[in-house]
Amino acid sequence: PARRHLTGVCEVVGAQRLGLFEGGQRGARAQRVRHLLGVVVLGHDPLVVEDPFDHADLAVVLSGDSIRRSLAARDLYHQGRVERLLIVPEPPDSLEQELVRLGLIEPNLPQWSERILIASKIPTSHVTWLPEPADGTIVEAVRIREFLETQRLKPVRIILVTSKFASLRARMIFRHVFKDRHVQVLVSPSPYDPFTPDRWWTKPRNALHVVMEYQKLLVGIAR
């Protein structure tokens, strides 16, 4: 019952946001919405995807949950499955400044991603940083495409390292942004992510992630 209730809430909120209850737009879009959300009711969660691959030119570590994602990227590098890492930096955190003021952490500490990769002995020559943070996955995809063009980097295959529940949406967005760049975009969600797609409704935090993620997917479908 809790699972079906959350699905119903997601459908109503998502449909209202997209205006599916207004005018003549609700036909095809409403059908796609019901199909997408009906998958959850049937027990097959499409949010988590993972593409098999042997080797890639570049792993892109998307911002958010930097510790789990950086550890996953480290493993891919040490396994010899990726040649280089491209890291999207985290935006400034005002809470960290308060912790600095309280003397709980040192000022100007490197971000967790950098500290993890250095401690893991990954050569700095094989790690590239996006010049600045990006707000949202769409902005990340566009800025990474522009950055690769500016640096004259032409990877044949890109691996997206992200959280499990964000893997489908990230792949969908990056494939759309890179569709005319002759780049294969695959996704490898972090194995350190504790999210469990087969029992997500039993944990409030996971349920919140799923509801929010479906709303984001609904917005993407409507575009």
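Mentor: Gladly! Let's start with a definition: two strands pair if DSSP finds at least two bridges between them. Keep in mind that this is a predicted model. Five strands form an open sheet here, in the order S3-S2-S1-S4-S5, with parallel pairing. S3 (127-129) and S5 are the edge strands, and the twist averages 25° from one strand to the next.

Trainee: What makes S4 and S5 count as paired?

Mentor: At least two bridges are needed, and S4 and S5 (residues 184-187) share four, in the parallel sense. Therefore they pair. Within that pairing, isoleucine 158 stands opposite valine 185. S1 (residues 56-61) and S4 are also joined by four parallel bridges, with valine 60 opposite leucine 160.

Trainee: And what about S2 and S3?

Mentor: S2 (residues 82-87) and S3 pair over three bridges, again parallel, and leucine 85 stands opposite valine 127 there.

Trainee: Why is S4 called largely enclosed?

Mentor: Four of the five residues of S4 (residues 157-161) are buried, so the rest of the structure largely encloses this strand. Around S4 you can look at the helices, too. H7 (residues 167-177) lies across S4 and S5, running at about 170° to S5. S4, H7 and S5 make a right-handed β-α-β unit.

Trainee: Now the rings. Why is the pair of phenylalanine 165 and phenylalanine 195 called edge-to-face?

Mentor: Their centres are 5.9 Å apart, with 65° between the planes. Phenylalanine 165 is in the loop between S4 and H7, phenylalanine 195 in the loop between S5 and H8 (204-222), and they are 30 residues apart.

Trainee: How do you know that phenylalanine 165 is buried?

Mentor: Its relative accessible area is 16%, and buried means under 20%, so phenylalanine 165 qualifies. Phenylalanine 195, at 2%, is buried as well.

Trainee: What makes phenylalanine 174 and phenylalanine 178 a stacked pair?

Mentor: Here the centres are 6.1 Å apart and the planes 10°. The distance is within 6.5 Å and the angle under 30 degrees, so this pair is stacked. Phenylalanine 174 is buried at 1%, and phenylalanine 178 at 3%.

Trainee: Last one: how do you know that the charged end of arginine 81 sits over the ring of phenylalanine 53?

Mentor: The distance to the ring centre is 4.1 Å, and the cut-off is 6 Å, with a further limit of 35 degrees from the ring normal. Arginine 115 likewise lies over the face of tryptophan 112, at 3.9 Å from the ring centre.

Note on methods: Residues are numbered from 1 along each chain as its sequence is written. This is a predicted model: local features need pLDDT of at least 70, side-chain atom pairs count only at pLDDT 80 or more; totals for chains, interfaces and linings use all residues. Side-chain values use heavy atoms; hydrogens and water are left out. Buried means under 20% relative accessible area, exposed over 50%, partly exposed in between (1.4 Å probe, protein chains only). Helices (H or I, at least four residues) and strands (E, at least two) are DSSP runs, numbered from the N terminus. A crossover is right-handed if, with the strands pointing away from the viewer, the path from the first strand over the helix to the second runs clockwise. Axes are lines fitted to C-alpha atoms, for helices over the stretch in contact, and angles run from 0 to 180 degrees between N-to-C directions. Contact means heavy atoms within 4.5 Å. Rings of Phe, Tyr and Trp (its six-membered ring) pair if their centres lie within 6.5 Å; planes under 30 degrees apart count as stacked, over 60 as edge-to-face and the rest as tilted.
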